[in-house]
Amino acid sequence: MNHTQMFEQKRLLTHVLLALTVMIPSMPVMAACVDNGDGTYTCNGTSTVTDGLSLGSFIIDNTAAPATFTNVTTDPNFTISPVVLDPDYGYVVTPGEYGSILRNTATTVGALSTVEAIGPNAVVINNVAGNIEMIGDPARAFTGNWSNDANGLLYSDGVLAGYIAAVRAGASVSSLTVNNQYVDDGVSYPNRYAYSGLDSVISATGPYAAAILSNSALLTVNNTSYIGHPAYGGGNIISYAGATYTPPAVQDGTQQATNVTAGTTIINNISLRSVTNPKNLGAANLGSIGDIYVVDRNPMTAAALEQDPSLALAINPDEVGPRNSVINNIGLALERIPNTAEGEFAQFGGIYINNIYLGSGNHEVNNVNAYINNIYVDQTDSEVVSVVGGVPTTLYRVHGDRVFTLNYLHEPAAIGTARLGSVVVNDVVGAVNTFNIVTTDANFNTNIQTNGLGTNTLNYTCIAQYRCNNWQINFTGMTAFNTFGQKTLRLERDVTVSGDMTINSPVILYATNAYTPPINITINAANVVVSSSGTLMADPGNSDVPEASGLVGNQAIGDIVGNLINNGTISLGNAILDVSGDTTMNANSVLLLSVGPRGAGLINSTGATNFDSNSLLIPASKVGTRVLDGNEYVIATNVNGLPMLQNGDGFLQWMLREDAGNLIMTADVAVPDFLRPLVTEGAANAVDAFFSYTGDNKQAVKLQADLAFVKGIDVIRSAERLRPEVNDGSIRMVLGNTDKLFNMTTARMVDGYLTQHYASRVPVRLAKAQTNSATDATEGGASPANLGIWVQGFGDRGVQQRMDLGDGYEFSSVGFSAGIDRDVEVVGTDMRLGFAAGYARSNIVNTGHTVNNRIDGNSYLVAAYGSKATEDFYLNAALGVGRNTYESRRQLFEFSSVGERGGWQLSGRVDAGMPMAFSDDVTFIPMAALDYSFVREDSYKENTTVSRPLTYRAPGSPYDSGVTENGMQVFQNVPAPTNLEVESRNFKSYRGGLGGKLVYAMQEPTWGAELELHGMYRHEFGDIAPATQARFVVGGNSFVSPAIQPVRDDFVFGGSIRLSSDDENDQITFFTSYDANMREKYFGQAVSLSLRYDFDKAGEYKQKAKLKLAEMMAKRGGPSAEVMKSIQESRAAQSESLGVVDPQKAKEIQAIDTAINNWASALSNKNTDIYFNTYAANFISQEGSSRQQWERKRRVEISKASNTAIQLSDLTIEAEGAQALAVFIETIHDGQQKVATEKILEMENKNGRWLIVSEDSAAHE
């Protein structure tokens, strides 16, 4: 059995089951309805039919008063007939029948209804989750054998013909309202049509059948379910005539009726939002209608006459006349709850209408997310025709408004399918038809046809995600075409209107040569008007030239036949727009064009091209297009007036002039005037030089094209990166590294001078017991000739802020140096001479516009240095020769140009200081210094290469092709177009400085320390900012890049710590320093660590201690040399005689003797309290330390010493007033060892006690 036989078998089964349902006792419950016993029911007032199957016709008697009839299902599970499923596959063969069903069956071609209103009053029919059905029996067949009787009545096969209808209201009914209501109970019923809930159905099946039929004055249909059975169809709504008017006095068929009041049809076909299921945020129902007729004549009569124009049919006044309508087909857009995992939304739902037929009248069709197959509008007159004796006579014509408005909206995420098929309007003169299309469909498809006799306007708004195309939109007979919205409409089909096309949105006038034949879209209009909110443009993504050449191709744009009026923006790119008419650029309009490989955009008008003086021209260049200084382009023909020119903020600037009727644009490629104050002179010169290159080097040509496209701040950045470096980083690097070496030699010399300075400034005579003579302390003050070596490591970091248009930089340097020096006699003069060498590695990293640029440097320096000291000042000098190497790197786009160069330097320094002692520990040294450096940077050439595909050009081809090997692209290294050839330059630095040092010294027998604070103001007198002469390696003019004028004043301040110690013979010194360098917008910091070793220096610290002791004794007026001699001479006499001539003096001597013996006894017994009590508070140690320092040290020494016996001998005492000097031999017995020391004690009488104020000793021979 084939599929057709199976279908027929199942269809037969369905009809059998339908027939059996008649026999099922399922009588409904009725209220206010009377069974007439002949298969009809009469209902009046408010009547209701509930649950069950009702067969026959319901007559609504609204003669005396308005009536309301309701067919309602209260029990959704009330079963009239069960569903029948396919036994093999399980799909529904025959749907089940449930609830309340009203059904009538027509067996002839005559008129028949299921529910019909017969009176003049208003009627409301409610169908709530029920069915109202009119079934056309197969016997009701229209064979096309139309005929009429003598009175003009219409027959089919000899039977009076008429519509069958589920719901009918004739012309006598003032208004009919039909509410076909979906019930959203949130329940899903298996094998039913609704996704959930209960549908309502009004249907009439068969030919010339209408679900709702009315020619009453007012018809209102509110539908949220099915008008037309989901399985069998039959959902037409037919409304016609219903107008009132005054027939003309002369009824000869040429006159029009007057005082016309049109009938009205209102249809609301709405998709409901689910309210019973909170997760279902989509549609809960499907609103479906078959065909909708809102016409001005009886559709059956019109159909019969169309099939057989020879029919003589009478057309009565109540069958003709205009009818107005508002048809709302409102679907929903899908919504989702935030948690889509839980979201349940209905894909089921939407609005579906087959066709809409409209006659004369005022019609508004609103379709939101709805499916409409086709719309047909006939705005011609309807006629009243009488038939007498079978002869038809047209009496008069009737028409109402001839206005049709279609509002079509397709939103994103619309539920169901949104569509607008064909719209065909048979318009007449005076008709006004407006088509408003708003769609998210990028390829919206419709066909709108009119006769072009009325005023027909198409308004199109694109709300697609990206853009819309019109290639599937076909319209004819339009008076005007207007575009709206923010999204772009690309015209891919010719546009023809008899009036104006107004552009209120972005519109692409498409053209391309990519196809054969080429596509060139044309707008045919009286005027193409670009409004203030509109843009007419060439396709920005379309080009004539493939990109294999490495260049972006030329753009193309279609043509305009008519006048072009711009009140908004025309964006041509580099396309040529041909205008067959005049072009007018009104005030505040904008013309955007660019320069591409073919040339500039051009308006080529056959008429005049008129520029208002307040119109604006904004030129640009396409990416990849090379524009050279002085290039000229014609951008408009037949010009009247000049627009304002708005140049961009890039290198490419333009100038305008008119020449022989053409508007010519001339390129000026340079740093624009308004940015010139923001760039260095060298950057501006480098730009001019680079764009002076006119050769064909591909990389240079591409870079010129890329540079012409940069804007704003990138102009400044690019210009600054084309030039060589202009900041003072490299010379500051060399001078800073030189300073590190010279500073170390200066510090070395100053420390040596201070040692001698202490020795020479204190003329105190000390007794030397071993020689028993007095000598001048200065004789032993100078250090013996010695040799010293040292090594230093240092680091330096600084930040220079941007100044005078020059970028700032971050500086860092690390290095080391070493030296050797010794005391020598030169031409009878004592001096200290030495040699030093150093190395430093430095980096200068730019900030600001040239942030990726840097210089890496290496500095090598050797120097000789020396020092000469006098009693009051010192003089240091150094002279060095160095070699510096540099590697500079400049970064522009993908190009990194690296240059390597070297250079020599000659540097020298002279500095002097005059130490001034403020106290025993503090010395201040005023200083002056003069530095000189001559630094040369050699010429160099940057030689960086970049990797590029290897290409070739076949003969006759305008394009380059890549070279491949084994299927792989071959690359080659080519020079970077940014490479520079830079000439040498010389720096001359003369720096003078004034400053000072503050030194605090601490001295112990075996070690010493110095804390130092120092500062110096310096001024630069030399030329450390020479200009740079350079040219690009690829070619073009040479240029000068002046350097940024340097800051000439700076201040250096810091501090240092010096620690010294010794072994038996030599001295070692550790030195660390911190220095800060400040100048305008610069702050740098440097640290250094050094280690020095001096040979034959161990005795120097003891000498310093004795010098300090002698100095303090001199301040107190210690014993003279004569006193010391007297003591020595009297020692022998005292040993022979114990007598003393002066009793008072003998008493003082005895007190002194007792004090010395107590001192010796306390030391022998380690009684430290008595021992230290014998010393004065102002005691000065032999080493020169303070009383407190000495006492701490002695306590440790006494505690560690063994028990010893101390014997004093040869005691000699010389007293003068409150001062005395005692000399004796101290013999210490420690076991078998005996050590004799000659002691000298200086004592003072303080409040009756003799106390020790100084102590010195020497070995006793």
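Which hand does the link of Cys33 and Cys43 have, going by the angle about the S-S bond? It's right-handed, with 115° about that bond. Keep in mind that this is a predicted model.

## Disulfides

Searching the whole structure turns up two disulfides. In the Cys33 and Cys43 pair, the sulfur atoms sit 1.9 Å apart.

Cys462 and Cys468 are both buried. If you number the bonded cysteines of the protein in sequence order, the pairing reads 1-2, 3-4.

## Salt bridges

On the charged side, a search of the whole structure finds 42 salt bridges. Here are some of them, with the N to O distances.

| Pair | Distance, N to O |
|---|---|
| Glu383 and Arg397 | 2.9 Å |
| Asp796 and Lys740 | 2.9 Å |
| Arg1195 and Glu1191 | 3.0 Å |

Take Glu383 and Arg397, whose side chains meet in a salt bridge. Glu383 lies in strand β33 (residues 382-388) and Arg397 in strand β34 (residues 391-398), so the pair ties together parts that are 14 residues apart in sequence. Glu383 is partly exposed, with a relative accessible area of 27%, and Arg397 also counts as partly exposed, at 27% relative accessibility.

Then there's the salt bridge of Asp796 with Lys740, where the closest N and O atoms are 2.9 Å apart. This one links distant parts of the chain: Asp796 is in strand β66 (residues 787-800), Lys740 is in helix α6 (residues 729-760), and they're 56 residues apart. Are the two ends buried or exposed? Asp796 counts as buried because its relative accessibility is 10%, and Lys740 is buried with a relative accessible area of 12%.

Arg1195 and Glu1191 make a salt bridge within one helix. They're four residues apart in helix α11 (residues 1187-1200), which means about one helical turn separates them. Arg1195 is partly exposed, at a relative accessible area of 35%, whereas Glu1191 is buried, at 19%.

## Acidic spots

Where do you find a patch of negative charge? On the surface, where Asp629, Asp668, Asp673 and Asp688 gather. One of these, Asp673, has its place in the loop between β63 (662-669) and α3 (681-691). Asp673 counts as exposed because its relative accessibility of 69% is over the 50% cut-off.

One more aspartate to look at is Asp61, which lies in strand β4 (residues 57-61). Asp61 is partly exposed, with a relative accessible area of 26%. How far apart are the C-alpha atoms of Asp61 and Val123? They're separated by 9.1 Å, with the two residues 62 residues apart along the chain.

Notes:
Residues numbered from 1 in each chain as written. Predicted model: local features only at pLDDT ≥ 70, side-chain atom pairs only at ≥ 80, totals over all residues. Heavy atoms only, no water. Patch = residues over 30% accessible without salt bridge, like charges linked within 9 Å, V, L, I, M, F, W, Y side chains within 5 Å. Areas by Shrake-Rupley, 256 points an atom, 1.4 Å probe, with all protein chains shown as cover. Salt bridge = Lys/Arg side-chain N within 4 Å of Asp/Glu carboxyl O. Lys, Arg positive; Asp, Glu negative; His and termini not counted. Charge placed at Lys NZ, Arg CZ, Asp CG, Glu CD. Helix = DSSP H or I, 4+ residues; strand = E, 2+ residues; numbered from the N terminus. Buried < 20%, exposed > 50% of the residue type's maximum accessible area, 1.4 Å probe, protein only. Disulfide = S-S within 2.5 Å.
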